[in-house]
Amino acid sequence: MGGGGGGGGCGEMGTAKAWRYSTFSAKLALEQQHKHVCWRSQKRPISWSILCGLMLFCLGLISLFTGHVASDLEWYSQRLVKRSLYSKLDMGRRASINIWKSESSKFYYGCSKKGRHFASAVREKSSNGYLLIAASGGLNQQRTGITDAVVVARILNATLIVPELDHHSFWKDDSDFVNIFDVDWFISSLAKDVTIVKRVPDKVMRSMEKPPYSMRVPRKSTPEYYLDQVLPILLRRRVVQLTKFDYRLANNIDEELQKLRCRVNYHALRFTKPIQELGQKLVIRMRKMTNRFIAVHLRFEADMLAFSGCYYGGGEKERYELGEIRKRWATLPDLSPEGERKRGKCPLTPHEVGLMLRALGFGNETYLYVASGEIYGGEETLQPLRELFPNFYTKEMLASEELKPFLPYSSRLAAIDYIVSDESDVFVTNNNGNMAKILAGRRRYMGHKRTIRPNAKKLSALFMARNKMDWDTFAKKVKSYQRGFMGEPDEMRSGRGEFHEFPYSCVCHKPFKYPDDENNNNKQVTLVSRAYIGSGSEWENKGSNSLQRLKENPGEGPVTLGDTKDDGFLAD
């Protein structure tokens with residue numbers, strides 16, 4: 001026992017010594033790097049890959065003898081190879097970011113105007129038939145279905161009937177489209193894209209020999225699938241209903257159709273006047289108390305926890321209650337709660353969300369608007385978050401009497417939370433659910449307002465070990481892990497994630513004019529910030545080439561994130 005203790009002490013001293021030696025080696029390497037750069041500025045620049053390779057080789061030798069390589073040093077070595085906007089490098093120093101606002105958001109704007117060659121909608125009498133849509137899920141899941149329904153109607157040259165909302169989901173809300181969205185605005189604003197009517201004409205229904213044909217298409221179906229499998233039935237039967245219509249259209253489709261998605265989601269789907277007015281009242285009440293606030297979508301309701309298969313320490317009571325709810329999804333597999341948490345699939349607790357925000361730099365004077373339904377565990381679960389952020393508000397606290405007409409309708413309540421969250425200075429999601437994705441995409445489209453998504457995979461492990469470190473160490477690690485999860489423009493690129501979350505085809509660079517160049521003939525170019533160019537000559541050359549190409553073609557107008565041929569131009 002004594003011998004083992006002595007050996008452990010020597011091991012710790014050896015590790016500490018190796019850590020000091022590793023740090024000294026890194027500093028020495030960086031000093032040498034600076035000297036080489038200054039000396040070679042008149043000759044030839046040193047290769048980043050060679051320098052980093054030598055550093056990593058030295059670290060490998062150290063780790064071979066000590067069994068330990070400092071994680072912070074590893075991170076720093078990797079960042080020498082690959083920079084990101086969140087960790088800007090300025091003469092070797094890492095600059096802090098504005099946690100309230102993206103500094104590069106001013107270079108981008110939402111753009112969803114249809115192209116010149118996008119034909120106008122076919123008239124009702126000339127269309128291929130009528131398309132009925134039965135949406136599925138809660139408010140935001142149905143929103144994705146409505147958005148894609150318009151696009152599918154366009155693909156089929158069909159007349160779209162105003163979609164039916166789901167009355168049988170977990171939330172059991174019997175609201176219809178007209179109760180949540182401004183139906184007349186929806187129809188009129190999309191009139192040039194798709195013909196939409198409120199119901200199938202009686203004349204057509206009476207002429208049909210059979211009732212409307214009902215079918216369910218596979219998830220993520222391509223436009224070709226709809227043309228091959230749905231269109232022939234539509235032409236034959238005149239009316240087709242697509243059921244449980246959520247995420248039934250492929251993520252990657254023609255750019256003009258993607259822009260149509262944006263016109264539907266960000267412009268045509270306007271909430272009804274009562275919902276809109278109450279939502280704006282809550283925003284005004286928050287603004288009267290503070291100049292800026294955070295909206296947190298906790299998504300810590302029982303259905304989400306049951307669906308995730310996670311466990312939060314509530315004993316047999318929690319296992320039984322969530323297990324009963326989980327039975328509603330017959331196809332869900334048995335999951336390991338520990339494994340799901342390690343994979344980052346479990347929502348953070350309200351307490352963990354609060355710790356993350358404090359570690360990022362938001363003080364306890366910060367105002368929080370908490371958007372959620374009934375939190376599992378009630379006030380006991382929320383109390384730690386309230387202690388971290390005493391300026392804690394919900395829609396129930398801001399509008400108790402005015403909220404009463406909406407209380408029986410979960411989708412209308414969710415719409416109010418949607419409005420306040422959209423208007424917030426910072427929006428914090430707690431999962432990859434539908435509201436998180438929809439609002440993240442909208443905030444990108446509307447000017448890249450700060451949107452924070454927890455890096456749950458890394459944070460979960462950190463939270464489990466937080467009692468083994470001091471606060472400064474914990475905060476430093478949170479900031480490190482959240483790089484790339486802060487809603488910066490460079491996190492979005494073509495093909496990444498769901499289009500509803502990353503609407504790359506609908507976000508453009510702002511045109512820029514050189515004010516002092518008399519010979520530029522007022523040419524407009526895309527302003528390229530260094531934040532969008534990776535480190536090393538290869539990335540910089542690609543950025544320069546992209547900028548030069550835009551200078552040579554000024555008449556093409558704004559360029560979307562999906563337009564550039566150089567993927568590296570948008571590298572993280």
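Reader: What makes helix α4 and helix α9 oblique to each other?

Author: The axes of α4 (residues 139-156) and α9 (residues 255-268) come within 9 Å and cross at roughly 135°. Angles under 35 degrees count as roughly parallel, over 145 as roughly antiparallel, 65 to 115 as roughly perpendicular and the rest as oblique, and therefore α4 and α9 are called oblique. This is a predicted model, in which local features need pLDDT of at least 70 and side-chain atom pairs count only at pLDDT 80 or more, while totals for chains, interfaces and linings use all residues. Residues are numbered from 1 along each chain as its sequence is written, and side-chain values use heavy atoms, with hydrogens and water left out.

Reader: Which residues of α4 and α9 meet?

Author: Among them are Ile146, Val150 and Arg154 in α4, and Leu257, Leu260 and Val264 in α9, where contact means heavy atoms within 4.5 Å.

Reader: Which residues are buried in helix α20?

Author: In α20 (residues 471-481), Phe474, Ala475 and Val478 are buried, that is, under 20% relative accessible area with a 1.4 Å probe, protein chains only.

Reader: Why are they said to be on the same side of α20?

Author: They cover an arc of only 95° around the axis, which puts them on the same side of α20; the arc is that of the directions from the helix axis to the C-beta atoms. The buried residues of α20 pack against α14 (350-360) and α19 (456-464).

Reader: How much of the chain counts as buried?

Author: Of its 572 residues, 49% count as buried.

Definitions and conventions:
Buried < 20%, exposed > 50% of the residue type's maximum accessible area, 1.4 Å probe, protein only. Helix = DSSP H or I, 4+ residues; strand = E, 2+ residues; numbered from the N terminus. Axes fitted to C-alpha atoms, helices over the stretch in contact; angles between N-to-C directions.
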